[in-house]
Amino acid sequence: LTIAAKLICKLLEAAGADNVITVELHSSQTEGFFNIPVSNIQTTHLISKYLGDKSEDIILVAPDAGAMKKVTALSEMTGLPFALIHKERASDGTISRMTLVGDVPTESVIVDDMADTCGTVIKAADLLINMGASEVEAVMTHGILSGNAIKKINESSSISRFTVTNTLPQCLGRCPKLEVIDISELIGAAIQNTGTNSTFDKSL
């Protein structure tokens with residue numbers, strides 16, 4: 001993955017790019033592969049606004065250690081409590097056990113930067129329901145939803161809503177649980193900031 005990311009960075013530079021805008025890179029070290037300015041936009045403020053319209057009784061849940069930075073940032077912005085799911089893998093790479101660290105109220109929101117095959121988030125939702133949560137929602141930045149991910153979400157009795165941003169195009173008709181947070185205003189502000197060197201308003 002690191003080699004592929006570095007190759008893409010060099011290809012963009014070779015094509016003549018003199019500035020790059022990205023949205024929530026999965027690995028922050030990717031920025032270091034560029035020799036040109038990089039603006040890595042975070043969606044945390046948009047997601048915090050989305051969560052602000054919900055019940056104060058919800059808890060934010062990180063499905064693994066990698067999601068903790070995003071979850072703690074959202075917790076600081078919203079004042080909502082958070083919990084962590086500790087994930088263990090077997091020798092073949094499959095998830096062998098998941099353990100909840102923290103308390104679970106009636107409503108839980110699983111937060112991460114991306115949803116690919118959705119195996120982890122589905123297992124996390126199942127664990128939360130088994131631990132006593134009455135409702136579980138997933139909120140992800142990048143909805144890759146590869147393979148049979150949509151089928152997993154549709155068939156899951158544990159996830160009531162699956163929310164992603166539109167960093168990737170989504171076909172809402174494929175999944176009644178799927179909702180989209182629009183980031184076009186955020187991207188527009190970043191482009192304007194790059195062109196005018198003005199201050200970027202992170203509260204958008």
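Student: Why does Cys118 count as buried?
Tutor: Buried means under 20% relative accessible area, exposed over 50%, and partly exposed in between, using a 1.4 Å probe and protein chains only. Cys118 has 4% relative accessibility, so it counts as buried. Cys175, at 1%, counts as buried too. Before we go on: this is a predicted model, where local features need pLDDT of at least 70, side-chain atom pairs count only at pLDDT 80 or more, and totals for chains, interfaces and linings use all residues. Residues are numbered from 1 along each chain as its sequence is written, and side-chain values use heavy atoms, with hydrogens and water left out.

Student: What does Cys118 touch, leaving out residues up to four places away in sequence?
Tutor: Contact means heavy atoms within 4.5 Å. By that rule Cys118 touches Leu145, Ala149, Ile153 and Phe162.

Student: What makes a set of residues a nonpolar core?
Tutor: The members are buried Ala, Val, Leu, Ile, Met, Phe, Trp, Tyr and Cys residues, joined through side-chain atoms within 4.5 Å. The largest one here has 29 residues, and Cys118 is among those with the most contacts inside it, along with Ile110, Val121, Leu145 and Phe162. Helix H4 gives the most to this core, with 6 residues. Another core, of 15 residues, lies apart from it and includes Ile47 and Tyr50.

Student: Why is H4 called a helix, and how many residues has it?
Tutor: Helices are DSSP runs of H or I with at least four residues, while strands are E runs of at least two, numbered from the N terminus.

Student: What keeps Asp112 from being counted in a salt bridge?
Tutor: A salt bridge needs a side-chain nitrogen of Lys or Arg within 4 Å of a carboxyl oxygen of Asp or Glu. Asp112 is buried, and the nearest side chain of opposite charge, Lys87, is 6.9 Å away. Asp112 lies in strand E6.

Technical notes: Lys and Arg count as positive and Asp and Glu as negative; His and the chain ends are not counted.
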